[in-house]
Amino acid sequence: MPDAALRLGIFIAAFALLACAESLWPRRKQPLPRGQRWPGHLALQVLSALLLRVVFPGAAIGLAMQVDALGWGLFNLWSLSAGMAVVLSLLLLDLGIYGQHVASHRWPWLWRLHRLHHSDRQLDLTSALRFHPLEILLSMVWKGVLIAIIGAPVQAVLIFEIMLNASALFNHANLRLPLRLDAWLRKLLVTPDMHRVHHSRQDYETDSNYGFCLTWWDWLFGSYRAQPEAGHDNMQIGLQEFGSISESRLRQMLTQPFREKQ
């Protein structure tokens, strides 16, 4: 499908650009080399993509096309301009993903899947790929529900999927941004320093900065935290109970939701 090729091309370009930027301007010292972390994370992404293709052959774009054909959703019932429907859909979809992220921390059965993402001992752009395939599947179901309720146009869903993937790579990157640039970007987008706080080992810091793309929801719902208490260089990242190097191997990551500890 043309949309799949477009999304893949943008993903590869963003990945390559951020990988180079991480090497040139790293934010934190990384004790584990890429060779010990990247293969497992990339394999996890491939498995998730294959699972989605089997269960949802058309993925989010296909769901949006079906919703449009059936006339479901608010924006298929209300008379809105195409541009306004796209903008409002992007905002509501991003809010929906924020809500899903909060639920993944609050509901124990969702946390067992989501904790794989938080068990990463250090952050770089491949941390954005460290999600259990079952969580990716549930996320697609949730996005399908949102698309059907909203009646999101196909163009909005395509833009949102690109934004979600690119912003996840960006805000997980081990990238040092100039402080002024970081402060300016935070008015709209989640930055690496902002999202890193969410991966702190301190619970009160983990329970903050849930946004993936827009920062507005954290501000609005009181979950925004500007900086980690220990500072970015000294903060501890990851889960202590799944902190060994072996937890970055594919087999360990796939079985982690079904284990109590490493």
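This is a predicted model: local features need pLDDT of at least 70, side-chain atom pairs count only at pLDDT 80 or more; totals for chains, interfaces and linings use all residues.
Close-up 1. G99, Q100, A103 and S104 are among them. W107, W109, L110 and L113 line this pocket too. E135, L138, S139 and W142 complete the list. Three helices, α5, α6 (108-118) and α7, each supply at least two lining residues. The volume of this second largest pocket is about 210 Å³.

**Close-up 2. The largest pocket.** This pocket holds about 990 Å³ of space. Its lining counts 31 residues, and those closest to the centre are Q45, L52, I136, K143 and N165. The top contributor is α2, with seven residues. By class, the lining has 18 nonpolar residues, eight polar and five charged.

**Close-up 3. The largest cavity.** One cavity of 30 Å³ or more turns up when the whole structure is searched. The volume of the largest cavity is about 30 Å³. Its lining consists of R7, I10, F11, A14, I162, N165, A166 and L169. Six lining residues are nonpolar, one is polar and one is charged. N165 belongs to this lining, and N165 is also one of the residues closest to the centre of the largest pocket. Spaces like these are found with a simple test: rolling a probe the size of a water molecule over the atoms shows where empty space is left.

**Close-up 4. R130, a buried arginine in a loop.** R130 sits in the loop between α6 and α7. Its relative accessibility is 0%, so R130 counts as buried. The side chain of R130 makes a polar contact of 3.3 Å with the side chain of S248. Leaving out residues up to four places away in sequence, R130 touches H41, L44, L116, H117, S119 and D120, among others. E247, S248 and M253 are also on that contact list.

**Close-up 5. E22 and its partners in contact.** E22 belongs to helix α1. Its relative accessible area is 5%, under the 20% cut-off, so E22 is buried. A polar contact of 3.4 Å links the side chains of E22 and R34. Not counting residues up to four places away in sequence, E22 touches R34, W38, D124, L125, A173, N174 and L175. P178 lies 156 residues from E22 along the chain, yet their C-alpha atoms are separated by 14 Å.

Close-up 6. Helix α3 covers residues 59-70, 12 residues in total. From first C-alpha to last, α3 reaches 17 Å, close to the 16 Å expected at 1.5 Å a residue. Buried residues in α3 are A59, A60, I61, G62, A64 and V67. An α-helix has 3.6 residues a turn, so residues three or four places apart point the same way. Just after α3 comes G71, with a positive phi of about 75°.

Conventions: Residues are numbered from 1 along each chain as its sequence is written. Side-chain values use heavy atoms; hydrogens and water are left out. On a 1 Å grid over the protein atoms alone, a cavity is a set of points where a 1.4 Å probe fits but cannot get out, and a pocket is an open set with protein on both sides within 12 Å along at least five of seven lines; lining residues have an atom within 4 Å of a point. Grid points are joined across faces, edges and corners, and a volume is the space filled by probe spheres set on the points. Helices (H or I, at least four residues) and strands (E, at least two) are DSSP runs, numbered from the N terminus. Ala, Val, Leu, Ile, Met, Phe, Trp, Tyr, Cys and Pro count as nonpolar, Asp, Glu, Lys and Arg as charged, and the others, Gly among them, as polar. Buried means under 20% relative accessible area, exposed over 50%, partly exposed in between (1.4 Å probe, protein chains only). A polar contact is a pair of N or O atoms within 3.5 Å; within protein, one must be able to donate a hydrogen and the other to accept it, and residues adjacent in sequence count only if both atoms are side-chain atoms. Contact means heavy atoms within 4.5 Å. The expected span of a helix is 1.5 Å times one less than its number of residues.
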